[in-house]
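Please have the sequence and the coordinates open while I talk.

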Amino acid sequence: MTQIQELAIETRASKGKGPAYQARQKGLVPAIIYGGTDAPQPITVEARALERAIEKGGFLTTLLMLSAGGKKTRVIPRQVQLDPVSDRPVHVDFLRLADGASVRIEIPVHFKGQGDSPGLKKGGVLNIVRHQIEMICPADHIPNEIVVDVSGLNIAETVHISAVTLPEGARPVIRGRDFTVCSIVASSTVREEQ
């Protein structure tokens with residue numbers, strides 16, 4: 001779980017293309033906070049501070065504390081719109097989180113034990129079916145990653161979600177079926193040898 005990062009914001013009185021353009025000219029990125037019982041709140045974030053937060057990685061799975069004039073709001077970023085030419089953020093959507101809230105979020109999957117896998121030693125290839133798994137987890141305990149151990153896999157063996165140790169309180173969105181996360185498949189050279 002990552003620590004809650006703070007980000008300074010300013011409230012925005014007007015909405016629309018004109019005020020958003022003017023905010024971007026001042027080095028600010030227009031954004032909105034929505035969700036919960038309060039009405040959607042248009043805000044601006046300093047562009048450089050936002051870019052630094054995005055560059056750290058895992059921005060869409062990071063809890064943020066937005067502070068404006070002493071008032072703090074706990075949020076999670078839901079969408080970042082990027083400029084198609086410069087790849088700089090032009091708008092951000094933040095979801096307001098109440099205490100005890102759960103969020104639906106895609107968690108990246110990382111694999112370990114490739115050096116010890118008998119299937120990979122024989123020339124097999126790790127076939128990654130899911131690079132991310134959509135999970136429902138408590139907002140206070142969002143995992144950074146899901147780690148899958150492939151050290152015991154041989155060629156033609158798979159890892160299903162039921163074999164993966166999930167973080168506490170997290171459950172996959174897909175219910176009722178044991179979907180595949182990864183498998184070891186024979187490479188073309190191994191098939192030719194056989």
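Let me begin with Pro84, which counts as exposed because its relative accessibility is 78%, where exposed means over 50% relative accessible area, buried under 20%, and partly exposed in between, with a 1.4 Å probe and protein chains only. Before I go on, this is a predicted model, in which local features need pLDDT of at least 70 and side-chain atom pairs count only at pLDDT 80 or more, while totals for chains, interfaces and linings use all residues. Residues are numbered from 1 along each chain as its sequence is written, and side-chain values use heavy atoms, with hydrogens and water left out.

Pro84 sits in the loop between β5 and β6, where strands (E, at least two residues) and helices (H or I, at least four) are DSSP runs numbered from the N terminus. Between the C-alpha atoms of Pro84 and Phe59, which are 25 residues apart along the chain, the separation is 19 Å.

Now to the sheet, where a closed barrel of 6 strands runs in the order β1-β3-β2-β6-β5-β4 with mixed pairing; two strands pair if DSSP finds at least two bridges between them. On average, and ignoring direction, neighbouring strands of this sheet are turned by 45° against each other.

In which sense do β2 and β6 pair? Strand β2, residues 28–34, and strand β6, residues 89–96, pair in the parallel sense over 4 bridges, and Phe94 in β6 is the bridge partner of Ile33. With β3, by contrast, β2 pairs in the antiparallel sense over 6 bridges, and there Ile32 has Pro42 in β3 as its bridge partner. The hairpin of β2 and β3 has 6 residues between the strands, and in this hairpin Gly35 takes a positive phi near 100°. As for cover, 5 of the 7 residues of β2 are buried.

Helix α1, residues 17–25, lies across β2, β3 and β6 and runs at about 130° to β2, the axes being lines fitted to C-alpha atoms, for helices over the stretch in contact, with angles from 0 to 180 degrees between N-to-C directions. Helix α2, residues 47–55, packs on the sheet and touches β1, β2, β3, β5 and β6, with its direction at about 85° to that of β3; contact here means heavy atoms within 4.5 Å.

Not counting residues up to four places away in sequence, Phe111 touches Leu126, Ile128, Arg130, Val148, Val150, Val181 and Cys182.

Finally, Ala101 lies in the loop between β6 and β7 and, leaving aside its neighbours within four places in sequence, is in contact with Pro138 and Ala139.
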